[in-house]
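My notes follow the structure.

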Protein chains: 2
Amino acid sequence: MTRSPSDNLTAAAHRATLTDRYAAWRELGYDASRCPVRNVLDHLGSKWSTLLLIALAEKPMRFNALLREVPDISKRMLTQTLRDLERDGLVARRVFPTKPPSVEYRLSAMGESVLGPLTALVGWAEQQFPEIERARARFDAGDATEHAAADEQPAAPTARVALAPVSASG
Amino acid sequence: MTRSPSDNLTAAAHRATLTDRYAAWRELGYDASRCPVRNVLDHLGSKWSTLLLIALAEKPMRFNALLREVPDISKRMLTQTLRDLERDGLVARRVFPTKPPSVEYRLSAMGESVLGPLTALVGWAEQQFPEIERARARFDAGDATEHAAADEQPAAPTARVALAPVSASG
DNA sequence: AGGATAGGTCTACAATGGAGACCTTCTGCC
DNA sequence: GGCAGAAGGTCTCCATTGTAGACCTATCCT
């Protein structure tokens, strides 16, 4: 995880950006439906949405082609996920009056515009995957939680009993 | 080679990148557990993970502080999501031997490294939100699917009956 | 006529998520 | 001394979601 000083700076900037969004949501009275982030990410985060966006990034596809392309999705979920993406305007649905009718799905302009952020995330996932697997192995081996020394202070809100003389170990 | 995640790549380049990942997965026999993208994104996509990462981006926090910070999460889901994030190495858990014990959660280095891609996505969500809402309104008003002219060709795999003379309408 | 392809819907069952009761140890308060 | 409240969870129960797969209408190929 080589980190350069400039990475730290950008990390700080990201932190600031995200904290801003968070504060904005708090000011909306924690109303999830009016928070762009939650509203949008809840959909994008669903198991199949990103996968379908990636599949459609390659080329427009028809219903059964998508079904073949993503072998572990069920028809029901494919229909439903496509409907969601269509409703959000990320995917356009076109019906061709062949017999039987053909239905083609393709990314809209907005759908294409999410490819950038999505690629960034996918790149991160791929890059970090080995480290994540190591972390999982470590966790599953039981070497997880860190126990702080008795004289260190926890994050914040209770100083209430933090100073009591204490013998570690229960 | 530290390149900013998404700077000057064109949509076509994103498409190529994503299509590559997709092809790689196909070559793994569509095994989701060995696909970094699905493996990682399935976790990150869960309803609360991103929210907790954003909350912890601001500062380390303790269990009950997080509970107050994200008012619509239940204790159960908070525990579970934090465990997942900890297992993946994105969040570090530290126990302080106060009485009663305090437990502090903070982003690990890897957790900070996801802030970049995450900020990109959040930025996209915020920027596109008005358009998404318009798309939803349009969809809910029934003005959704586009019906192609009879002489246009669908995506690909059936040219089988595509040329039959057909009276549109349905 | 039988089977395949097209694009779905519908039903039954399993997994997941959420609300909230409950637990233990500690402190402060009256 | 006893009760309330905070801390950090776990546990149980119920509702929502997701999954598998049968089924449907129509057309075409053999």
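**Sheet across two chains**

I began with strand 4 of chain A and strand 2 (residues 91-96) of chain B, which run parallel and are joined by two bridges. I took helices (H or I, at least four residues) and strands (E, at least two) as DSSP runs, numbered from the N terminus. Two strands pair if DSSP finds at least two bridges between them. This is a predicted model: local features need pLDDT of at least 70, side-chain atom pairs count only at pLDDT 80 or more, and totals for chains, interfaces and linings use all residues. Residues are numbered from 1 along each chain as its sequence is written, chains are lettered from A and ligands numbered from 1 in the order written, and side-chain values use heavy atoms, without hydrogens and water.

I looked up A:His147 and found B:Val95 as its bridge partner in strand 2 of chain B. Helix 5 (residues 75-87) of chain B packs on the sheet and touches strand 2 and strand 3 (102-107) of chain B. Contact means heavy atoms within 4.5 Å.

I then traced the open sheet: four strands, order 4(A)-2(B)-3(B)-1(B), mixed pairing. Its edge strands, each pairing on one side only, are strand 4 (146-147) of chain A and strand 1 (61-62) of chain B.

**Helix pair in chain B**

Next I checked where helix 3 of chain B meets helix 7 of chain B. B:Thr50, B:Leu53, B:Ile54 and B:Ala57 in helix 3 meet B:Leu115, B:Leu118 and B:Val122 in helix 7.

Terms used. Axes are lines fitted to C-alpha atoms, for helices over the stretch in contact, and angles run from 0 to 180 degrees between N-to-C directions.
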